[in-house]
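Please keep the sequence and the model side by side while reading.

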Amino acid sequence: MKAKFLYIVFLSVLVSSCVATKKKGDISKAKQFWHNTTALYNGYFNAREILQLTELAMAEESQDNYTALLPLYDYQITPDAAPYHEDLDKAIEKVARVSALHGPSYWIDDCYVLMGQAQYMKRDYESAEETLEFFKEEFTADNPYSTFYKKQQGTKKTSAQRKREREIEQRQREEERQIKDKAREDEKKERDKLKKDEKKARDKAKKEEQKARDKERKARAKAKKKGQRYVPPVKAQETIDKERAEAQKKALKDTKEQIEEEAEEEDEEEEGDDEKKEDKDQKDKAFNHEPAYYDGLLWLAKTYIERERFSAAEATLRRVANVESVQKSTRNSMSLIYADLYIKKGDYTEAISNLDNAIEGEKKKKRRARYSYIKGQLYERMGMNSEALASYEQCKSFNPDFVMEFNADLNRIRLDQSSGLASSDKSVDKLLKMLKEEKYDFYHSDIYFAIAEIKRNEGNLEEAKYAYQNSVRNNLDNLPLKIESYYRLANMFFDAEEYATAKYYYDSTTMVMPKTDIRYADADNLAKNLSQIAKNIEIINAEEEGLRLASLSDKELRKVAIDRIKEQNIPISRGDNNSGAVSIPKSNYRLNVSSFFAYNPVSIQKGIDDFNRIWGDVELKDNWRTSSGGSFEITEEEDAFDEDDISDEMIAEVLKDIPSSKVQKDLSKKKIQDAKFELGRLYREKLENLEKGVEEHEDLYSNYNNFYKEEELLFYLYLSNKDLGRMRKAKQYKKDLSEKYPDSEYLKILDDPGYAERLLSNEGSIESFYDKVYSQFNNDNHEKVLKMIGTVEEKYPEETSYKSKFALLEAMSIGSTRGKDEYMIALDDMVKKYPSADETIRAKEILRFLKGDDAAFDPVLFTEGAQSFEKEEDKLHYGMVVVYKLDDFKTNEVKEDINKYIKKHHNLDRLSLSNIGLNRDLDSQIILIRKFENEESAMDFYDGVLAKDAEFIQEDINYDFLMVTQNNYREIIKKRSIKEYLQFFEQNY
């Protein structure tokens, strides 16, 4: 029955709306009602819900960075709004649909404001500005062509009339409230006066009573002394009158209190009526819509601020401020927007003033606490520490959450030190005591960070570094703080010109810092620029340490090795079958690295190559303690085992990379020279640190004779000294260049500037193009490398000298972008295509490593490797297939493949197969193909295998194939390694 009734009502409304006579462009009331209701509840309401939930999520799922100025708005905490774009786009889509389908609705202005708000929260400020500027023009009552103006035409009351009526009504309500407030104030004054009079009367009565009691006590004592009975006097009429007056006053007071209670009840009833009226207004909003124009202007002002259009933002805010009818809540919002504007402009005084207004107008204590905390931060930036302390105290008075209150306490301790109210040691002691409190267990990283700030503030940079490092090590989930610690450490090491360490901290910074952070580009650029610098510093430190150790006696070396084993806590295997065996990481000459490299100033320079390994092994524990001077010490762990447990094999393994022969020492010196030359050039070109560049180059020129790039070295020494204004030195280096290398290209460049320009005209050569490709490769732009190499054939069809170089870069870029399998295929193709190129040696090393040879990149001196093997062309040869990490079943399958190949292509050669283990640690075996009469027949077989490798071994496995004489084969078995023979084979076959 109810459904039928509703159907009849709907049908009658529909018919009446269809037959009503209307002017062109007018719509019926029923249709207007439909547009308003549908726009509000089907579109705008849902979009607003999405927006509010997203705003809440952006606040709750993000973490404030208390080392930086807090944002004023909760939804600005997250550094990256990308995870919320999908939800915000849904909200935009809903209000856009409402705007398109329900143009006559009164809720279109709200939809545009919400659209601009969602775009603002997406950080798409340009789109938000466009939307809200359109809204500003389209919905103003001053523009006769606007949507708002047209909607008001034909109504019974104009917009101006309704506006005046609202203003009059508001003034009347305000006047009534003022009258009530005045009456309450007068009553309060009367009550206060009455209370004062009553207090005076009570005090006077107490004194009179005390006098009477004293008088009575004396009278009693006197009567007792005389042996008489004391009779109290009858009350005087005056006393009786006084008591009566007191009773009357009490009755009057009770009456007044009753009147006040009744007045308060009346006020509460009136306030309740106001609330009911406001509720009714809310319920009637769908039919009696309030324009969202001024809210839209506020969002436009906020957008202008983010776009740094500060003048436009101020003009927009003034436009809203000049309207008397603007609601109180809107004016409170304006105070916060003004504060944001002045913060962005750097006018902290005005920002603080507006924050005070925002605090006064804000009802929620959490927000008032936040604004007070930001005030403290602004006062700190202005150097007004006492005002900052007061603001942090104000923040605590508003009962903020635990984290904000905790950070306010940290700031107070830090400010006490920086203001001179407390010594550094006293402030640090307070922080160290906090470490022992259970409630701060999850905030040790924050406390160490505060210690670091105090130490840095007093100029104790070494202890500041240690504290920042402890902050990182104890950081559980505070990502903003970890970013700040890494970034500060990177900058401190960079400023100290400890570039190798700085590089690793910049790397760590870019790993955790969001790309939206304005500092990211700087940190990333420094990390890349320092990459080659760090690499060359490592080489110099490693080789110099190796040469230093090589000069020690055997006894001294043994002691160094034992100390190294103890420091690294290298585990000892005590099994019966392998007693004394040990797995030792490559020492690379670093025999004195501490448990964490940055705790030891020496190891900062000498321990860089072990950084990645050590970084992951740092134990997370607090081992700080204060001495009398307030400094920090690190407790060392006890030795993991006794010296008697260390075997000669272990010592030999640790010392195996120390250069011992003249050839090895010469090679170390050459590496140092190359690294110093490159380091000096990088200091000049990447960091523009001419002093450091000259220091490295002059050390190279003075201490290393016959450097093979000496003419280029002299060229750089001339340029850098000239740029530093050291003309006498510059002229001397130019003189050396002209005397030693009179035909040098570099000398021609110095004497004839036009010569350099003519060289630059050769920019389009393949050499220049290769340098560009290699530069992209060094910067890890591998996709760019592949694109550039793809154009080589088209650009340089006749060139062949660089093809193997491009092929290697292409293969390595494929490995970086497409994985191991495609990497191996590309390397294998290159080896076949360019078998005799120098780059092929490197490609084979990489292939061997990918196939399982962990020692593929171990440095092998060609001279020493060759002396172990002999070239015997007429001797018997074997084919040698080396396979890695295969079980017996797979090894037998490989042998079957080789047998099939031999039967198909060499059936009459009477070849046989056998296999033997090569190296148990590397899990490698040799499958031997016996036998060939001489080198020529062996290499015929070898070339055939290369041409038909898919038939030779059909399984997708990793292997090396070589030809070897009987004597050389015995030497390989003795060494239990093919790495040296690989070099010999590549040189001689």
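Which residues form a positive surface patch? In this predicted model, the patch is formed by K426, K430, K433 and K436. One of them, K430, sits in helix α16, which covers residues 424–435. K430 has a relative accessible area of 36% and is therefore partly exposed; a patch residue needs over 30%.

Negative charge gathers on the surface too, in a patch made of E767, D771, E798 and E799. Of these, E767 belongs to helix α32, residues 766–778. E767 counts as partly exposed because its relative accessibility is 36%.

Next, the cysteines. A disulfide is a covalent bond between the sulfur atoms of two cysteines. The structure holds zero disulfides. C111 has a relative accessible area of 0% and so is buried. C395 is also at 0% relative accessibility and counts as buried.

The backbone comes last. Most residues other than glycine have a negative phi, and most peptide bonds are trans. Against that background, the bond joining R930 and K931 is a cis peptide bond, with omega about -20°. K931 is part of strand β3, residues 924–932.

R123, a residue other than glycine, has a positive phi near 70°. R123 is placed in the loop between α4 (108–121) and α5 (125–138), and its relative accessibility of 26% makes it partly exposed. N399 is not a glycine either, yet its phi is positive, about 55°. The loop that holds N399 runs between α14 (385–397) and α15 (402–418). With 49% relative accessibility, N399 counts as partly exposed, because exposed would require over 50%.

Note on methods: Residues are numbered from 1 along each chain as its sequence is written. This is a predicted model: local features need pLDDT of at least 70, side-chain atom pairs count only at pLDDT 80 or more; totals for chains, interfaces and linings use all residues. Side-chain values use heavy atoms; hydrogens and water are left out. Patches are made of residues with over 30% relative accessible area and no salt bridge: like charges are joined within 9 Å, nonpolar side chains (Val, Leu, Ile, Met, Phe, Trp, Tyr) within 5 Å. Accessible areas come from the Shrake-Rupley method with a 1.4 Å probe; for residues, only the protein chains shown count as cover. A salt bridge is a side-chain nitrogen of Lys or Arg within 4 Å of a carboxyl oxygen of Asp or Glu. Lys and Arg count as positive and Asp and Glu as negative; His and the chain ends are not counted. The place of a charge is taken as NZ of Lys, CZ of Arg, CG of Asp or CD of Glu. Helices (H or I, at least four residues) and strands (E, at least two) are DSSP runs, numbered from the N terminus. Buried means under 20% relative accessible area, exposed over 50%, partly exposed in between (1.4 Å probe, protein chains only). A disulfide is a pair of cysteine sulfur atoms within 2.5 Å.
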